[in-house]
Amino acid sequence: MIQSNRIVSTTCPFCGVGCNLELHIKENFIYRVTTPFDGVVNKGNLCVKGRFGYDFIYNPKRITTPMIRKELQEPGKRKQAFDLSEWRQVSWDEALDYTADRLVAIYQRDGYHAMAVYCCAKATNEDNYLLQKMFRSLFRTNNVDHCTRLCHAASVVALQMAVGSSAMSNTAAEVVDNDVFIVTGTNTTENHPIIALQMKAAVKKHGAKMIVVDPRRIELVDYAALWLAEKPGTDVALFSAMAHVILKEKLYNQKFIDERTENFEEFAKSMEKFTPEYAESISGVDRNLIIQAARMYAAAKNAAIYWALGIPEHINGTANALSLINLALLTGHIGRHGTGLNPLRGQNNVQGASDSGAMPWHYPGYMSVTEEENAKKWEQAWNIEPGGLNRQRGLTTTEIMGAIGANGVRALYVMGENPMMSEPNLNHTRHQMEQLEFLVAQDLFLNETTSFADVFLPATSWAEKDGTFTNTDRRVQRVRQAIPPLGQSRPDWQIICDLAKRIEKRLGRPRSAYWDYEHPSEILTEMGSVVKEYAGVKYPRIEKIGLQTPVWDDQHPGTPFLFSESFPRGRGKFHPLVYNPSAEMPDEDYPLILTTGRVLEHWHGGTLTRHSWMDDLYPEALIEINPRDAAHLGVNDRDAVRVSSRRGTIVLRAKVTPKANPGVVFIPFFYGEAAANLLTNDAVDPQAKIPEYKVSAVRVSLARPEELPNPEATQVRGRY
Ligand code: SF4
């Protein structure tokens, strides 16, 4: 029963910090957002998105009625439809029957290879768990993935290889208890603003030393003891040179190495060639700075490393992350409060979506799909005949996109993701999307991806449903329904259950798995019955404060930091490394390095924030370019410029700023009218399959102002 005037506690729907929100409601309208002073994550602070960015809920462009395309879309001729006149509004029954009919027809004709699904890091744990369950249990496919593939996949692979667990090892707020911390590949101020506040407090109030390793002069540099302005893509050389110094000067933790690690000798041998001089020649960072950073990190009582997408989004992403992990194992700065290896997860629930099995190689709980014991456990949990689940690894997001075609993926289900903005080399992505036989979109808006769909299933926003998000430091927190669903929109978990029952019936497998949940709490309990890290996470226990996984049972208090006694794989494993350059280096034709990323005001593919007044704060794409490069090119601030790579061209305005280092330009990736990912390289890390978003060779030249795109032309923006 929803009361008339009230304040509802929930969790922010934007970034992985997971701030606690209070939604103020009058007559079922959210008119204000505040945060409790004693909120466990953010302690009274919110960034601009959490405080003001919720108005997308009421944007009149929101789709709140199920829709089916009027014209049948043929593979190879599929077109986008932003105009509502190209859609027919239908009942939920018709939309779900149509979706089930077409999915089942393709599955029965072409088999599991033809089916694929993008789960969603913005949706709840319960939504993601059910969507992967539907595709695994009914279509017997592991072609299940989500945007973690495009952000931290290499961090996940490296951490699994080295320690056997891929989450942040420590609580973000512990940064105030670091003596020294390394911040690399993360513009924390804009991407995880509340954690950035804690980092600044660590320096200003607690005397910690911050080492920033980043090719851009990000705001945190103002607080740093050292700034190592590396060239993009040179992390292995730089961090291995730090390891070289620690080894040479015997600054390592022999006791920790002896008791907790393996493969030290082989690793140490591989570090011999990484002299500071060698690293300087590759990274452009002064050798003395590398030596100082190594000594500072190794000598600290408590030290930690924080990183984000600047580390994994490379063809060497796994090696980059391993170079950080090697440092922690070498010094023993892991397994204690105030230390750790901390990949800052981007979206609100990217940690939870991964935990919930929205991945092609793992069931929920990172249980490998290729291991018989794991498959048996899930067959039992989902009431599936022995041997029924697929034991082969599925395709990743980029592989799904590449496999679309006559003998490959024919049907794609996209819940809340926007691959037409987030995949690299978007001209190729567009071509592939056009080849689909059937596309289901479950979302709030028509965007670059959902406008391609055959059927649109209108989902509710986070404020209209119950569930849980798991934030970057593994804290499972409540999402609460604050207002009734707008129009006919429905919570994702309910849409999936109703569709799954229809699919079951058509497949002749009635009542195989369970789909009759009355509340999302039952879904999380089902997941926790197999995923031991979630066994003790029950809704009554997280009413006030979330619990940090692992939570082994109903009495377990949760785990603020990991690895105090041992690593999940037993001993932490050192990995020998070699430096390999990025896939595409600058040359005469394309002399600048493009790196991409986020800005404070926008989020993910822009579907939510471009439909919010956040878009008024940062309404157009800008390319950051160093004054020296700008002078060389004859470019002034706000000039229109053309940026080209081997894959595409965009036109946008220049922002001439020393924040960009010479030779490196930066473009945020939220703007369909000047999409940075038209330029990016789709070469991938061989182990993690993550694309190299952070290094593409480009050239920049002056353009005429009339060549600038009209933002209105994207149709994916604007308030009311
Ligand atoms: Fe939301 Fe992240 Fe901002 Fe907190 S820091 S208010 S979680 S966007």
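**A first walk around the model**

Tutor: Let's start with Arg-490, which sits in the loop between strand E20 (475–479) and helix H18 (492–507). Keep in mind that this is a predicted model.

Student: Which residues is Arg-490 in contact with, leaving aside its neighbours within four places in sequence?

Tutor: With those neighbours set aside, the contacts include Trp-92, Leu-96 and Ile-495.

Student: How do H7 and H12 run relative to each other?

Tutor: Helix H7 covers residues 235–248 and helix H12 covers residues 317–331, and their axes come within 8 Å. The axes cross at roughly 15°. Angles under 35 degrees count as roughly parallel, so H7 relative to H12 is roughly parallel.

Student: Is that crossing of H7 and H12 left-handed or right-handed, and how do the residues of the contact divide by class?

Tutor: The crossing of H7 and H12 is left-handed. From H7, the contact residues include Phe-239, Met-242 and Ile-246, while H12 brings Leu-324 and Leu-327 among others. By class, the contact of H7 with H12 divides into 10 nonpolar, 4 polar and 1 charged.

Student: Which helices each supply at least two residues of the shell around the ligand?

Tutor: The residues around the ligand include Cys-12, Cys-15, Lys-49, Gly-50, Pro-193 and Ile-194. The shell is made up of 9 nonpolar, 2 polar and 1 charged residues. The helices that each give at least two of the shell's residues are H1 (48–52) and H6 (193–204).

Student: Is Lys-250 buried or exposed?

Tutor: Lys-250 is in the loop between H7 and helix H8 (254–260). Although Lys-250 is not a glycine, its phi is positive, about 50°. Exposed means over 50%, and Lys-250 has 61% relative accessibility, so Lys-250 counts as exposed.

Student: And is Asn-425 buried or exposed?

Tutor: Asn-425 belongs to the loop between helix H16 (419–422) and helix H17 (426–434). Its phi is near 50°, a positive value in a residue other than glycine. With 12% relative accessibility, Asn-425 counts as buried.

Key
Residues numbered from 1 in each chain as written. Predicted model: local features only at pLDDT ≥ 70, side-chain atom pairs only at ≥ 80, totals over all residues. Heavy atoms only, no water. Axes fitted to C-alpha atoms, helices over the stretch in contact; angles between N-to-C directions. Helix = DSSP H or I, 4+ residues; strand = E, 2+ residues; numbered from the N terminus. Parallel < 35°, antiparallel > 145°, perpendicular 65-115°, else oblique. Left-handed = near helix turned anticlockwise from the far one by under 90°. Contact = heavy atoms within 4.5 Å. Nonpolar A, V, L, I, M, F, W, Y, C, P; charged D, E, K, R; others polar. Near = heavy atom within 4 Å. Buried < 20%, exposed > 50% of the residue type's maximum accessible area, 1.4 Å probe, protein only.
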